[in-house]
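Colleague: I'm still new to reading protein structures. Could you walk me through this one with a few questions and answers?

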Amino acid sequence: MRISSFFYTVRQGIRNLFRNKWFTLASIATISACLFLFGLFYAVVANFQHIVRTAEQGISVSVFFDEGLDDSRIQEIGELIRRRPEVSNAEFVSADQVWEEFRTEYFGDYEDGFPENPLANSAHYDIYLNDVSMQSALVTYLESLSGVRMVNRSELVATTLTGANALIAYVSMGIIAILFAVSVFLISNTVMIGISVRKEEINIMKYIGATDFFVRSPFVIEGMLIGLIGAAIPLGIIYGVYNAVLAYISERFPMLVSLLSFLDIRDVFNVLTPVSLGIGIGIGFLGSVVTVRKHLRV
Amino acid sequence: MAMKKKKSTVPGDEIITLTNVCKAYSAGAPTLKNVNLHIKKGEFVFIVGDSGSGKSTLIKLLLRELTITSGYINVMGYDLSRIRHRKIPKFRRNLGVVFQDFRLLKDRNVYENVAFAQRIIQKSTKEIKRNVPSILAVVGLAGKYKAKPKQLSGGEQQRVALARALVNKPTILLADEPTGNLDPKNSWEIMKLLEQINENGTTVIVVTHNREIVNAMQKRVVALKKGVIISDEEKGGYIDED
């Protein structure tokens with residue numbers, strides 16, 4: 001293709017946007033509406049997952065040792081625990097640290113009156129997991145280790161969080177699939193109507209001797225531009241809405257902000273921007289290619 | 001074998017060859033039956049006949065918009081029953097085509113409509129700027145290059161269509177009822193242009209109902225009736241079917 005033909009094709013694609021104003025507006029509005037819903041839903045789901053993940057990271061399993069177990073075995077147990085893939089971190093807490101913490105919390109500045117550490121057998125490892133759903137497997141393993149007296153865990157919280165995570169994943173997959181199907185249906189219909197109107201134009205091009213590529217290119221460029229604009233608009237709106245909602249929550253519900261941690265807008269947009277633009281441009285590209293193809297057999 | 005001729009085997013300067021061509025639409029009676037037609041380079045041929053005689057089907061076959069049901073069709077060395085889909089654009093670039101309803105791009109001006117045909121064959125912008133004004137001058141529309149089709153009369157629109165068909169210097173010009181939507185004055189002007197184009201060496205095939213023009217121009221006339229060629233005369237006239 002000549003360079004002048006390439007620029008001509010691009011120019012025609014851009015001009016088509018203005019030649020068919022109503023079609024352009026309808027297509028952009030359809031793509032924007034679908035991607036706005038998608039983006040909004042993604043932002044909510046991503047925050048839910050972030051909150052659940054943050055809660056998961058705070059859950060620990062504590063491992064207590066047999067009375068009088070020597071330090072080398074305790075260290076060995078620590079090594080074995082850290083080697084487990086589901087373990088993100090294992091912190092050793094000595095009996096003195098436990099007592100100090102307890103004493104500070106319950107006696108404050110008062111003398112406790114104990115000559116020795118009453119919690120002498122309370123040295124343990126606090127284990128944090130990468131994936132809270134692996135807690136039972138880890139507990140079974142820990143209980144099988146020699147020198148381990150007791151393993152404390154919070155089964156209910158772990159099960160609830162695992163369940164919540166799975167539920168969010170399934171619901172979000174389902175809703176995203178529905179949104180995607182609806183988007184493709186609406187967008188392909190809009191593109192089809194727009195191109196049917198221009199069937200005559202395509203026929204004329206073919207009669208004159210235009211190749212399929214030459215006929216298709218301006219439509220594809222037009223479709224991709226519509227997809228790009230259709231994706232950029234909801235991204236801008238969601239950016240503004242997200243910031244406003246976070247500001248509103250932190251102003252009106254400061255307690256909520258201290259309990260729950262919301263995702264930074266950059267974290268949301270690092271994923272949402274390429275995905276939305278990809279879907280928008282992809283749908284514009286596919287929609288125009290598929291629809292023009294129907295009219296190329298002249 | 002005559003039925004499997006290739007480009008080099010087209011006899012003499014024959015540019016269009018139809019041998020026993022039949023065309024039938026699905027489940028219907030054939031529209032064209034055993035049509036044999038030979039047109040030489042540089043000829044001017046009228047195809048006449050009533051509605052439903054198969055004239056437009058013949059033009060569509062020559063354009064390779066339709067494919068034949070049986071027989072053999074060769075246009076400018078292209079065996080149209082075997083031509084690959086990707087080769088069709090190249091074939092059509094040697095054909096100019098004009099329709100009764102003009103088929104101009106309504107949202108583009110006269111210059112852009114004609115330049116569009118040059119873009120398709122990948123002419124440079126410099127060449128387009130040279131060729132388009134000169135062909136518009138030939139059809140008498142040099143002063144209206146900025147006008148949109150809806151600002152032009154029927155005759156002027158047909159001239160634009162003619163300019164678009166001619167700008168790529170086609171070997172054959174196919175005109176399907178080119179005067180069908182025009183008044184007598186404009187009809188004659190278009191026919192004079194077609195005659196002038198033919199005198200410059202382009203083969204011109206005109207499908208028409210216009211008895212007066214056919215009788216006055218004294219060119220070759222091929223008459224079709226119910227899909228069959230009923231007469232083919234040099235310097236013929238319009239055949240009365242009744």
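This is a predicted model: local features need pLDDT of at least 70, side-chain atom pairs count only at pLDDT 80 or more; totals for chains, interfaces and linings use all residues.

Colleague: How far apart are the closest N and O atoms of A:Asp212 and A:Lys206?

Modeller: For a salt bridge, a side-chain nitrogen of Lys or Arg has to be within 4 Å of a carboxyl oxygen of Asp or Glu. A:Asp212 and A:Lys206 do form one, and their closest N and O atoms lie at 2.5 Å.

Colleague: Which residues are joined into one network by salt bridges that share partners?

Modeller: For this one we hop over to chain B. The salt bridges there share partners, and the network they make consists of B:Glu43, B:Arg220 and B:Asp232.

Colleague: Why does the pair B:Glu112 and A:Arg15 join two chains?

Modeller: These side chains meet in a salt bridge, at 3.4 Å from N to O. Both are partly exposed: B:Glu112 has a relative accessible area of 24%, and A:Arg15 has 35%. The pair joins two chains because A:Arg15 lies in helix H1 of chain A and B:Glu112 in helix H3 of chain B.

Colleague: How much area do chain B and chain A bury between them?

Modeller: The contact draws on 25 residues from chain B and 25 residues from chain A. Of the area buried there, 53% is on carbon and sulfur atoms. The total comes to about 2400 Å².

Colleague: How many residue pairs are in polar contact across that interface?

Modeller: Salt bridges are counted too, and the rule finds 1 across the interface of chain B and chain A. For residue pairs in polar contact, the number is 6.

Colleague: Last one! In chain A, which residue of S4(A) stands opposite A:Phe64?

Modeller: Strand S1 of chain A has 5 of its 6 residues buried, so it is largely enclosed by the rest of the structure. S1(A) pairs with S3(A) in the antiparallel sense over 5 bridges, and A:Ser62 stands opposite A:Asp126 there. S1(A) also pairs antiparallel with S4(A), over 4 bridges. In that pairing, the residue opposite A:Phe64 is A:Met150.

Notes. Residues are numbered from 1 along each chain as its sequence is written. Chains are lettered from A and ligands numbered from 1 in the order in which they are written. Side-chain values use heavy atoms; hydrogens and water are left out. Contact means heavy atoms within 4.5 Å. Buried area is the accessible area (1.4 Å probe) that two parts lose on being put together, summed over both. A polar contact is a pair of N or O atoms within 3.5 Å; within protein, one must be able to donate a hydrogen and the other to accept it, and residues adjacent in sequence count only if both atoms are side-chain atoms. Buried means under 20% relative accessible area, exposed over 50%, partly exposed in between (1.4 Å probe, protein chains only). Two strands pair if DSSP finds at least two bridges between them.
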